[in-house]
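Here is a friendly walk through a two-chain model. Have the viewer open as you read, and start with the overall look before moving to the details.

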Amino acid sequence: MTVSATWVAWLVASLILLLSTRNPIYLFVIIILLFILGARQARRKGRHGWVHQNLRFTGTMLILSALINTLFTHTGQTELFVLPDEWLLIGGPFTLESLLYGAVNGLVISALYLLFDVFNLSLSIKQITRLIPHAFRPLTVMTTVSLTFFPAIQERTRHIREAQMIRGNPMEKISDWLPILAPLLVGSLEDALLLSESMTARGFHARNDQPDNRLVLVGLILVVFAAFSGWLLRLFAYPTWISILLYSLGAVVLVVVLATAGKAQHVTSLHQDDWRRQDELAFTLLMAAGLGLIVTLVTKLDAGFSYTPFPRLDLPEVTLIGLCLSLIPGIPLLFKHHD
Amino acid sequence: MRFKFQGLIVNIIVFTLGILSLLAPFMLPQARNSDFSNASFPIIVSLIIILCVLLTLFEIQSAGLDNKMVAFLGVLIALNAGLRFLENAIPGPAGLSPTFFLIIIVGYSFGGRMGFLMGAMTMFVSGLITGGVGPWLPGQMITAGWVGQSAGLLHASLKGSRWQGKPAEIVVLAIFGGFWGLLYGAIMNLWFWPFLAGASGQTWLQNASLAENIGRYSAYYVATSLIWDVTRAVGNILIISLMSRAVLKIFTRFDRRFSFQVNQEQTQ
């Protein structure tokens, strides 16, 4: 799996799954799959380091989340111990239910973090940059300029730092940063000036090349309002279909607006993703799994996704559909890994 | 004039919707419902915020982002992303970061639009470099963008005053940096807070007053983030006090050099 679109489909399907479930058993399955996938994707960057770092993060999030929830939430039937009521905010019974609820929150946070970490590992910076819509060409150029200059600036920082240390600058205090920052800034701005002159000389992007974008801007404003209103109406318990309609409308307008604005930009793609057979298969499988997940959620099939330890502590329910759907993040494991 | 009006409208919309989304659990009891106060809340808010960021970026781009600005900001963003690594070179307490310094000074020297771009794009490029692309990124982008944008407003409000070019200007900038050091953490926590919150009627009290919920949020903030944010605020104050005079001079010099004009008729 090497194509950006396949990984984006994987991210979206896994994200919908993560947002739909609070069942700790499914969350454990998702986290284990993400760890296996992440360890495979991190092969070049150091598998052990990646696993240890993320195990530490997951453990910290679990403990922190469970502790914070127990500290501030005093609901539940299984009391562990009690602090005096007069202790501001934290006073009251500390319950097992609150502890478990917090731990489930920690699992969600960890899974979400791991999901994006694996996504970052799987795509190169260039691939992620290419995901920026063509409508934002000047900003994409700016990002590319930054990414191109970054290694040179790092190297220059190292040279200036070494030169300063040879001159006796101990590099211990904040004030020691200025002798690094000032020459670094001047040198970098000289580079920027040269670059802008070269770009001008080659006729790149004069200000008045930009088409009139007022309609696109109005379209984008409508998209923001559609998303916000859909969310707000959902909060106020209006029928779900109104929100779905608004979200869909917003999505359609966004696609149309970005496509229209993108067409006005002259972009040459030097690198295209190479669709292999397994990318096509993975993409189809992910789309089918995502669709299955959406159908399950919309038709409210009992997949055991919801779980709360309140008011009484119970074991989470596990169903075959739910368990199968929680395997979505592991789909890339079915395909051969390419660096 | 058209771009000023257009910018004003877009900024009002973005600021209102962005803040309303983040503050929803304080103002709307419905947003404290357990369905929304957990995993879905940060993601939906992130989606709204990413749309707001796209809207602002497109407006700035349409208002005239020429190749000089692209090159200038591109290099400065790379430099600022590199400054995040300087934190490791010269160790300081947790939370201390030189990143905001350049965002504030760029916004102050070149205006709100450039400030917003500097803040938002620094976070984006740093996210790409460090593998930090995630649902937290839109929140970081818009908040850092607001840091730069408000620095532009600060400059506009000080313009023509007797403080300009005097030590008082640096003092005002340092206070501004300190204020944003705290506010940045508080805004980012608003996004993250419902993740750690309990079910309805608990951490977020569904029927509680605004003051009571602010009290609960404050307790959470003090317990989890205050020390970190105070360090960042103090760091911003120190960095701005020690370095802004020199950097402002460098920017003034380059502002003149970057103001070359291209004769379109001759180039065609």
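Predicted model: local features only at pLDDT ≥ 70, side-chain atom pairs only at ≥ 80, totals over all residues.

For chain B, 51% of its 268 residues count as buried.

The table below sets out the two chains side by side.

| Item | Chain A | Chain B |
|---|---|---|
| Helices and strands | 11 helices and 2 strands | 10 helices and 0 strands |
| Contacts at least 6 apart that join residues at least 24 apart | 70% | 80% |

Chain B, read the same way, runs α-α-α-α-α-α-α-α-α-α.

How does the radius of gyration of chain A sit against that of a compact globule of 339 residues? Such a globule would come near 20 Å, whereas chain A has 26 Å. Along the principal axes, the C-alpha atoms of chain A fill a box of roughly 70 × 55 × 45 Å.

The corresponding share in chain B is 80%.

## Where the chains meet

Now turn to the contact between the chains, which takes 81 residues from chain A and 77 residues from chain B. On the chain A side, at least two residues each come from α1 (4-20), α3 (47-72), α4, α5 (125-130), α6 (137-166), α7 (178-201) and α8 (214-235). Which of these helices gives the most? That is α7(A), with 15 residues. By residue type, the side of chain A that touches chain B divides into 52 nonpolar, 22 polar and 7 charged residues.

## The largest nonpolar core

In soluble globular proteins, nonpolar side chains tend to be buried together. Here the largest nonpolar core holds 141 residues, and L73(B), I104(B) and A120(B) touch the most other members. The largest share of this core, 15 residues, comes from helix α4 (residues 96-122) of chain A.

Which residues is I104(B) in contact with, leaving aside its neighbours within four places in sequence? They are V147(B), G148(B), A151(B), L173(B), F176(B), G177(B) and I240(B).

Technical notes:
Residues numbered from 1 in each chain as written. Chains lettered and ligands numbered in written order. Core = buried A, V, L, I, M, F, W, Y, C linked by C-beta atoms within 7 Å. Buried ≥ 20, exposed ≤ 12 C-beta atoms within 10 Å, placed from the backbone. Helix = DSSP H or I, 4+ residues; strand = E, 2+ residues; numbered from the N terminus. Contact = placed C-beta atoms within 7 Å. Nonpolar A, V, L, I, M, F, W, Y, C, P; charged D, E, K, R; others polar. Rg over C-alpha atoms; globule rule 2.2 N^0.38 Å.
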